Amino acid sequence: MIDISGQKIEVVDGQQLSSLLNPHTLKYLDLGDTIGQSFVDAKRFISSGRFDLFAKFAYARLRRIEADTDWGARLYIEHMEVFNGLNEKDGSGKEGAEAFLNTFDSLLDSVAHSGLDSSVSLVPVGKGDLVIDGIHRVTASLVSGTPVPTAFFDAEVRHYNFAYF
């Protein structure tokens, strides 16, 4: 165990993580840069470096409270249109507004019911506590109040801040 910013991190072998990370993301990570893994409060990942979290959060929160508005869904879809043209290029096959909404809704329901399962996947996080991949999972955890199973990497991370959008 090591302590990073007051968080106890379990040190792990990077190779053990390969089955728990998105194969597309693995292309861009050096598993030798793995610091460790831990369950983390989702609030830790609220950052101007992941500006995209806010559109996802607005949709997820409005859906959770069953608000009588489509504003959150429109914001989320318009945001994803700008972010990736509503075409996830990670091999998931997610393409189009309906696929994004259905997939996110399913994730939100699953996380609200049982949280995120660290034996299924981990959210990779780089320097500055910036999420590398998995901001939808972080958002679902943030809305449901459940911890995020996280793998920390000593890696520079692309900033999805206001300048990106």
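Let's start in helix H2, where lysine 56 and aspartate 52 sit four residues apart, about one turn of the helix. Helices (H or I, at least four residues) and strands (E, at least two) are DSSP runs, numbered from the N terminus. This is a predicted model, where local features need pLDDT of at least 70 and side-chain atom pairs count only at pLDDT 80 or more, while totals for chains, interfaces and linings use all residues. Residues are numbered from 1 along each chain as its sequence is written, and side-chain values use heavy atoms, leaving out hydrogens and water.

Side chains of opposite charge can pair when their charged atoms come close. A salt bridge here is a side-chain nitrogen of Lys or Arg within 4 Å of a carboxyl oxygen of Asp or Glu. The count comes to 10, including these:

| Pair | N to O distance |
|---|---|
| Lysine 56 and aspartate 52 | 3.4 Å |
| Aspartate 129 and arginine 44 | 2.7 Å |
| Aspartate 154 and lysine 127 | 3.7 Å |

Aspartate 154 lies in the segment after E5 and lysine 127 in the loop between E4 and H5, so this pair ties together parts 27 residues apart in sequence. Lysine 56 and aspartate 52 are both buried, while aspartate 129 is partly exposed at 21% relative accessible area (buried is under 20%, exposed over 50%, partly exposed in between, with a 1.4 Å probe and protein chains only). Arg50 joins Asp52 and Lys56 in a network of salt bridges.

Now for the sheet: three strands form an open one in the order E3-E5-E4, with mixed pairing (two strands pair if DSSP finds at least two bridges between them). E3 and E5 run antiparallel, joined by six bridges.
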